[in-house]
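Me: I would like to learn to read the strand pairing here. Please take me through it step by step.

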Amino acid sequence: GNAQIDYVIPFFRDLSATLNLGTDKTSTNGYNRLPLNAGFQHSNGTLNGRNNTNAAENSSELLDFYLKYVKEVKGHKVDVTAGYGWQHFYREEGSDNISTTDTAAFQQKGEYFLVSFFGRLNYSYKGKYFLTATVRQDGTSRTKDRWGTFPSAVLAWQLKEENFLSGVNAISNLKLRAGWG
């Protein structure tokens with residue numbers, strides 16, 4: 001299940017908050033059986049049937065929270081987002097493999113977490129000139145290097161909005177864009 005709550009701050013209408021919550025749970029069970037006299041199931045020439053069962057439980061939880069500020073004044077538009085994300089994953093699985101010649105059991109549990117801090121700035125002037133800057137820091141419990149930081153930046157120029165192209169009908173949209181990260 002998932003739920004999202006959006007809230008506009010009443011005393012500061014340009015600022016909004018969003019909370020996303022989610023959970024997912026699955027359960028599986030299965031089997032693989034062969035009779036004792038199955039001719040294609042053998043071990044060193046001895047027929048050995050099979051009675052294998054397996055089961056798994058998976059779950060994940062998600063929490064995302066972010067604030068967003070949007071303001072436009074005299075052709076200048078600023079859109080700033082900052083937030084936090086958290087995810088938890090858990091898996092438990094097992095199987096029993098039984099035949100007339102051997103028996104094997106397998107059990108495994110796994111759990112890991114992801115945590116993120118993120119921010120983005122979008123700035124535009126008169127719908128012609130654009131700047132986007134983002135930074136994200138992600139942490140995981142799965143690797144030795146637990147944290148990574150991922151910045152990026154983009155500059156763009158909406159050429160079609162310039163006077164020298166406004167009368168050119170052969171071009172419907174033309175934007176020059178350069179990015180890094």
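Reply: Start with the terms. Two strands pair if DSSP finds at least two bridges between them. Strands (E, at least two residues) are DSSP runs, numbered from the N terminus. The model is predicted, so local features need pLDDT of at least 70, side-chain atom pairs count only at pLDDT 80 or more, and totals for chains, interfaces and linings use all residues. Residues are numbered from 1 along each chain as its sequence is written, and side-chain values use heavy atoms, without hydrogens and water.

Me: Which residue in β6 is the bridge partner of Glu61?

Reply: His88. β5 and β6 (residues 76-99) pair antiparallel over 24 bridges. Their hairpin has 2 residues between the strands, and Lys74 takes a positive phi near 50 degrees there.

Me: What is the strand order in the open sheet?

Reply: β1-β2-β5-β6-β7-β8-β9-β10, 8 strands with antiparallel pairing. The edge strands, β1 (2-8) and β10 (175-180), each pair on one side only. Neighbouring strands are turned by 10 degrees against each other on average, direction ignored. Axes for such angles are lines fitted to C-alpha atoms, and angles run from 0 to 180 degrees between N-to-C directions.

Me: Where does Gln137 find its bridge partner in β9?

Reply: At Thr149. β8 (residues 129-140) and β9 (residues 147-158) pair antiparallel over 11 bridges.

Me: How do side chains lie in a regular strand?

Reply: They alternate between the two faces of the sheet.

Methods. Helices (H or I, at least four residues) and strands (E, at least two) are DSSP runs, numbered from the N terminus.
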